Amino acid sequence: MSADNFVWYELVTSDVDAALAFYGELLGWEAREFPGGEHRYVIVSAKGKGVGGVMALPEGVSQPFWMGYVGTRDIAAALARLADAGGRVHRGPWDIPEVGRLALVTDPQGVGIALIQGASDRPSEAFDQRSPGHGNWHELRTTDPDAALAFYARQFGWTKGEALDMGPMGTYRLVEADGVRIGGIMRAPEPARPMWLYYFGVESVEGAIARITAGGGTVLHGPGEVPGGALIVQARDPQGAAFALVGPA
């Protein structure tokens, strides 16, 4: 599996079937049940290529959310680096047969991600900036952008890209993995909680906005143009999970 980049996107939600219907209509995802698990898990794909999974909220958690998985070649070493740098391991590592070894963690600012050491060398197809329906961009909103960037650089080898001035909102620092721009880091606007926001690609942002509202979702921001000419929209699905879309103008 690909390492040191996002390789999977997971929606944890209060209504699995309703979420599958919403994102199926919005992004054209196909769904299939993952067999043999202790709890229901549904794989979502774009034209046959796996993008992520959907599962029910665990007991005691009330807010639906998206979680990104970052691939690593050695999860034990990654968890040791994470702990040394002030991150926390919340669950794991544990094994899923034929999938890999996983752990749920938070960075030093308290933002959650998952780590996975894949069971095979097959590259992930979830992140693909050329294909609609796939992961396209990853935006970290954090309490300390400089410290977060240093942490992720040490953890995964990510490097600093261009710094964009956003005026009163501060600096938006682009982040690269192996020379590819994969996302950005910014200070979390008050009173929003620190989080990773995941952007999925679409062929038309305007058309996607109509599908968001028709499906019961809420547009939070946009459409807005970003450097390079693409349009973005940030939204909340009908169950309350935040996500974003990016596509050509």
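Guide: Let's start with a word we'll need: contact means heavy atoms within 4.5 Å. Keep in mind that this is a predicted model, where local features need pLDDT of at least 70 and side-chain atom pairs count only at pLDDT 80 or more, while totals for chains, interfaces and linings use all residues. Residues are numbered from 1 along each chain as its sequence is written, and side-chain values use heavy atoms, with hydrogens and water left out.

Our way in is glutamine 109, in the loop between strand S7 (100–106) and strand S8 (112–118). Strands (E, at least two residues) and helices (H or I, at least four) are DSSP runs, numbered from the N terminus. Setting aside neighbours within four places in sequence, glutamine 109 is in contact with Thr142, Thr143, Asp144, Ala147 and Ala148. Glutamine 109 counts as buried because its relative accessibility is 18%. The cut-offs are under 20% relative accessible area for buried, over 50% for exposed and partly exposed in between, using a 1.4 Å probe and protein chains only.

Eight strands make up an open sheet, in the order S2-S3-S4-S1-S5-S8-S7-S6, with mixed pairing; two strands pair if DSSP finds at least two bridges between them. Strand S2 (30–33) and strand S6 (88–96) are at the edges with a single partner strand each, so one side of each has no neighbour in the sheet. From one strand to the next, the twist averages 25°; the axes behind it are lines fitted to C-alpha atoms (for helices, over the stretch in contact), and angles run from 0 to 180 degrees between N-to-C directions.

Now zoom in on S5. Strand S5 (residues 65–71) is mostly covered, with six of its seven residues buried. With strand S1 (residues 6–13), S5 pairs in the antiparallel sense over six bridges, and phenylalanine 65 in S5 is the bridge partner of valine 12. With S8, S5 pairs in the parallel sense over three bridges. There, tyrosine 69 has alanine 114 as its bridge partner, and valine 70 stands opposite leucine 115.

Tryptophan 66 deserves a stop too. Tyr23, Trp66 and Leu245 touch the most other members of the largest nonpolar core, which has 54 residues. Such a core is a set of buried Ala, Val, Leu, Ile, Met, Phe, Trp, Tyr and Cys residues joined through side-chain atoms within 4.5 Å. Its largest share, seven residues, comes from H1.

That brings us to the helix. Helix H1 (residues 16–27) has twelve residues and reaches 16 Å from its first C-alpha to its last, close to the 16 Å expected at 1.5 Å a residue; the expected span is 1.5 Å times one less than the number of residues. Its buried residues are Val16, Ala19, Leu20, Phe22, Tyr23, Leu26 and Leu27. Seen down the axis of H1, these fall within an arc of 165°, so they line one face of the helix; the arc is that of the directions from the helix axis to the C-beta atoms. On the other side of H1, Ala21 and Glu25 are exposed. Just after H1, glycine 28 takes a positive phi of about 75°.
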